[in-house]
Amino acid sequence: MGLFGDVAGMLSFLQFAPQQDLISIVTSLIWIVFMMIFLLYPTFSQRLQLGYILRDLERRLNRLKAMRDEVRARTLETLKKYAEKGVDVGRELDNLLLSFMIEPESMDPYGVVYKLEHIARSWEDTFEEHVKAICSKADRERAKTLTNLVDVARGMDYLYRVVRHYYLLGKKTSNVYIVLQVQMLIPQLMEIAEAYRQASYAFMHGQPIGDGVGVLAAAKLVENMEKKTYEIAKDTIVHETSFEGRKLFVLRAAGPGGAVGRPADGLLKILESEGDRVKAIIMIDAGLKLEGEETGKVVEGIGAAIGGLGVEKFKIEEASKKRNIPLYAFVIYQSIGEAITPMKESIAKAADEVVERVKKLITSKVEEGFSVIVAGIGNTVGIGVT
Amino acid sequence: MFSQFRAGKPVPKPMTYLKCLECGTINSRPFKDGDYVFKIVEEKCPKCGSNKMKIIGIYVKEPQKKQAQSRIVSRRA
Ligand SMILES: [Zn+2]
């Protein structure tokens with residue numbers, strides 16, 4: 001009766017049929033009220049949309065929170081293994097999660113890179129020392145990996161807090177434009193969150209990650225060569241060797257603890273001692289692929305292949321320009337998720353390909369008797385020293 | 001209501017690839033804590049029984065790519 005009555009009512013309303021019964025009159029009235037709402041209250045549809053988006057965001061936010069809690073719990077559990085009894089690891093971890101760095105003022109950009117470097121390094125050192133103080137039972141390599149693990153947890157926590165902020169702000173102000181922007185970004189943010197979740201596993205166990213492929217290639221390049229190895233900057237080592245009559249300096253972060261080192265400082269020191277004998281700088285790093293591109297593909301280009309805040313990149317570019325040394329770059333394609341999760345086979349295999357291509361480049365671009373610097377960039381977690 | 005999300009995606013488990021320093025045989029096993037690439041471990045070679053093996057790789061094995069998965073995704077020629 002109900003549905004039939006509605007349909008009949010609508011039809012009679014539309015056709016202005018003469019004999020209207022009670023149901024059709026009520027139906028017509030409801031229609032009129034609806035039309036009036038849309039006429040007199042033009043943002044009504046927007047309100048409806050806001051409600052839908054907020055509900056969708058709430059669902060995703062709950063998922064984000066579950067992931068945040070999972071990563072925090074895993075980090076806490078791992079830190080506790082290396083902490084002395086009596087240390088309130090939970091409270092210390094929460095302090096670290098909220099730790100921040102204030103970027104230098106760039107109103108007057110002169111010298112801003114070195115200010116940024118100073119602030120970033122102080123922060124990194126303080127962060128690392130704090131983790132070491134909590135985990136006094138961990139050795140040097142393990143402490144570095146634990147610092148990475150806490151950093152992953154911090155990233156995850158920050159991501160959750162930012163999304164929550166915009167969700168609550170949009171809800172409080174009923175501003176559909178705020179929530180629309182979050183809704184547009186949320187698929188990518190969820191992907192990053194999932195990558196953080198998997199990264200926490202990798203750092204908990206000390207497994208190599210996709211980002212480490214540059215270091216892996218550098219290590220494989222000198223694996224069976226006779227060489228002199230020494231520390232040249234903080235967490236950074238250099239292998240000094242010779243290759244087909246050329247002097248070869250292979251720079252990388254020290255492993256197998258998680259570290260990216262300070263390749264620019266190492267490079268500057270080598271340039272100081274070698275002077276104009278250096279004829280090429282070759283950098284190997286993981287690079288962000290575009291959707292649809294193949295993971296583990298090796299591409300070749302020119303420039304400083306290094307990520308991060310930009311300080312290292314700036315210093316390397318400046319030094320190479322000053323001495324007029326060409327910068328060659330090898331990049332191994334991967335997605336942002338693949339870069340911080342356990343290394344995939346195709347990425348690991350790419351390291352062997354890079355080694356061959358680097359050797360070819362050295363013999364074709366650098367004459368015998370001269371020097372060349374090869375820098376493997378990336379996180380060394382799970383990659384030992386050859 | 002959120003139960004479908006709680007579990008999350010399974011986390012990929014890497015394998016450790018070892019090469020015997022005596023006979024050069026390569027074999028693999030699941031990753032164990034403490035493993036790292038280029039580490040020399042005291043594990044028995046399944047072929048010659050030698051006691052020294054070197055970790056030559058730690059990575060997640062990928063399933064063989066299906067042919068003609070998509071026309072849009074680039075494939076190796
Ligand atoms: Zn053997």
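Leaving aside neighbours within four places in sequence, which residues is B:Asn27 in contact with? The first view takes that up. This is a predicted model, where local features need pLDDT of at least 70, side-chain atom pairs count only at pLDDT 80 or more, and totals for chains, interfaces and linings use all residues. Residues are numbered from 1 along each chain as its sequence is written, chains are lettered from A and ligands numbered from 1 in the order written, and side-chain values use heavy atoms, with hydrogens and water left out.

**View 1. B:Asn27 in strand 2 of chain B.** Helices (DSSP H or I runs of at least four residues) and strands (E runs of at least two) are numbered from the N terminus. Beyond its neighbours within four places, B:Asn27 is in contact with B:Thr16, B:Tyr17, B:Leu18, B:Pro46 and B:Met53; contact here means heavy atoms within 4.5 Å. At 22% relative accessibility, B:Asn27 counts as partly exposed (buried is under 20% relative accessible area, exposed over 50%, partly exposed in between, with a 1.4 Å probe and protein chains only). B:Lys47 sits 20 residues away from B:Asn27 in sequence, with 9.6 Å between the C-alpha atoms.

**View 2. B:Ser50 in the loop between strand 3 (40-41) and strand 4 (53-59) of chain B.** B:Ser50 is buried, with a relative accessible area of 13%. Once neighbours within four places in sequence are set aside, its contacts are B:Cys20, B:Glu22, B:Glu43, B:Lys44 and B:Cys45.

**View 3. B:Phe38, a residue other than glycine with a positive phi.** Most residues other than glycine have a negative phi, and most peptide bonds are trans. For B:Phe38, phi is near 80 degrees. You'll find B:Phe38 in the loop between strand 2 (26-30) and strand 3 of chain B, and with a relative accessible area of 7%, B:Phe38 is buried.

View 4. A cis peptide bond, with omega about 5 degrees, joins A:Gly255 and A:Pro256.

**View 5. Helix 6 (residues 140-173) against helix 7 (residues 176-205) in chain A.** Their axes come within 10 Å and cross at roughly 160 degrees. Axes are lines fitted to C-alpha atoms, for helices over the stretch in contact, and angles run from 0 to 180 degrees between N-to-C directions. Helix 6 and helix 7 of chain A are therefore roughly antiparallel (over 145 degrees; under 35 is roughly parallel, 65 to 115 roughly perpendicular, the rest oblique). The contact of helix 6 with helix 7 has 18 nonpolar, seven polar and one charged residues. Ala, Val, Leu, Ile, Met, Phe, Trp, Tyr, Cys and Pro count as nonpolar, Asp, Glu, Lys and Arg as charged, and the others, Gly among them, as polar.

**View 6. Helix 3 (residues 44-82) alongside helix 7 in chain A.** The axes of helix 3 and helix 7 come within 10 Å and cross at roughly 15 degrees, so this pair is roughly parallel. The residues of the contact of helix 3 with helix 7 divide into 19 nonpolar, five polar and seven charged.
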